[in-house]
Amino acid sequence: MAVAEHAIPVRDESMELPTLPPNQGVEALKDIVFGSAAGMAGKLIEYPFDTVKVRLQSQPEHLPLRYTGPLDCFRQSFQADGVRGLYRGISAPMTGAAVETSCLFFSYRLIQDALRATVYPGVDQLPLGALVASGAASGSITSLALTPIELIKCRMQVPVESAGLKPPGPLALVGMVFRQEGLLGFWRGQFGTLIRETGGSAAWFGGYEGVSSLFRTYSSRTPSSTESLPVYQQMIAGATAGISYNFLFYPADTIKSRMQTQDLSRLPVNSARQTFWSVGRVLWQQQGLQGMYRGCGITCARSAPSSAFIFSVYEGLRHYFG
C-alpha cells in the first residue's frame, strides 16, 4: 500500500548572527601602524622623565633616600651619565611603546565594534560608560604583552651600584632573568601591570572621550559627531587622559617597579617569594602614602604632553590615511 507523502513546511528558525564591520584586516593594520608611530613619538618625549620616575620608585627601602626629589634625581643622573644616561635602555621601551599603543588602539576599536554588533546594534556612537569599559578591556589585554618589556626597561633604568661596572644590555638582562626565574620571571609584576593598565586605560580613553564630548557639546558639533576636533582640542583631551591614567593608579605602578627592579640574587635562599601585596604592604609600612606616590608629580607632568602628542598623531594619521 502506498503511503501518501504530505509536504510539511519547514520553518527556518536559524538565528542571524551579528556581523562585524568589513575590512577588519585593513583597519587592524592601520591601528597597528598608526598606534606604533604615535606611541614611539610619545616615548621620545617622555623617556627621560620616565627614567627619573623609575629611579625614584626603586630606591632602597632603608633611609636615607638616594634622591631627595625629581630635580635632585635629574641632577645626579645628568652628572653621572649625561643625556645618554637619561635615555639609557630606550630600545626596550620604544618597542614597548609601539606594542602598547598599537595594541590599545586596535583592541579598543575591536571591542567597540563587538559591542555595536551585540549590545548596541545600530548605534554609531557608544555611551561613555561603554567606552570606559572598552578601554579597561583593552588595557587588560595589553598588560600581558607589556609586562616583559617593562621588566627589562625598568632594570636598565636603575643605575648600577658598583662603580666602574659596565651596565648590562637588554640581551644580557633577558638571559639573567631567564636563568634566575625561568620563563615566568618575565611576567614578574604582572598583577601590578594588570591593575595599572586596566584601570589606567579606562581612565585614559574615558578621559579623552569625555573631554572630546564636552568640546563637541559646546561647539557647533553634536556630542555624537565623529568629525575630527581641532588639533589643540585633541591635545587638551589627550593631556587630560594622560594625567588621569597616571595619577589614579600610580601606586600599582610603584609596587610593580619595585618588584621588577629588585635584585633577587641578594635575597636569602629560602626567603618567601615576594608578591604584589607583600611588597605593597612593606612599602606602606615604611614610607606610607608618600612612598606610594613618589615620582607621581614628574610622571603626570611628562604624561600630559606625551599623551597629547600620542592622540594627536594617531588622530592625524587616521584623518589623512583613514
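Contact here means heavy atoms within 4.5 Å. By that rule, and leaving aside neighbours within four places in sequence, Phe105 is in contact with Asp31, Gly35, Trp204, Phe205, Ile310, Phe311 and Tyr314. This is a predicted model, where local features need pLDDT of at least 70 and side-chain atom pairs count only at pLDDT 80 or more, while totals for chains, interfaces and linings use all residues. Residues are numbered from 1 along each chain as its sequence is written, and side-chain values use heavy atoms, with hydrogens and water left out.

**Around Phe105**
- Phe105 is buried, at 4% relative accessible area (buried is under 20%, exposed over 50%, partly exposed in between, with a 1.4 Å probe and protein chains only).
- Tyr314 is buried too, at 8%.

**Aromatic pairs**
- Searching the whole structure turns up 17 aromatic pairs (Phe, Tyr and Trp rings, using the six-membered ring of Trp, with centres within 6.5 Å; planes under 30 degrees apart are stacked, over 60 edge-to-face, the rest tilted).
- Phe105 and Tyr314 make a stacked pair, 3.8 Å centre to centre with 5° between the planes.
- Phe105 sits in helix α3 and Tyr314 in helix α10, so their pair ties together parts 209 residues apart in sequence (helices are DSSP runs of H or I, at least four residues, and strands are E runs of at least two, numbered from the N terminus).
- Ring pairs also join Phe105, Tyr108, Trp204, Phe205, Tyr208, Phe311 and Tyr314 into a cluster.
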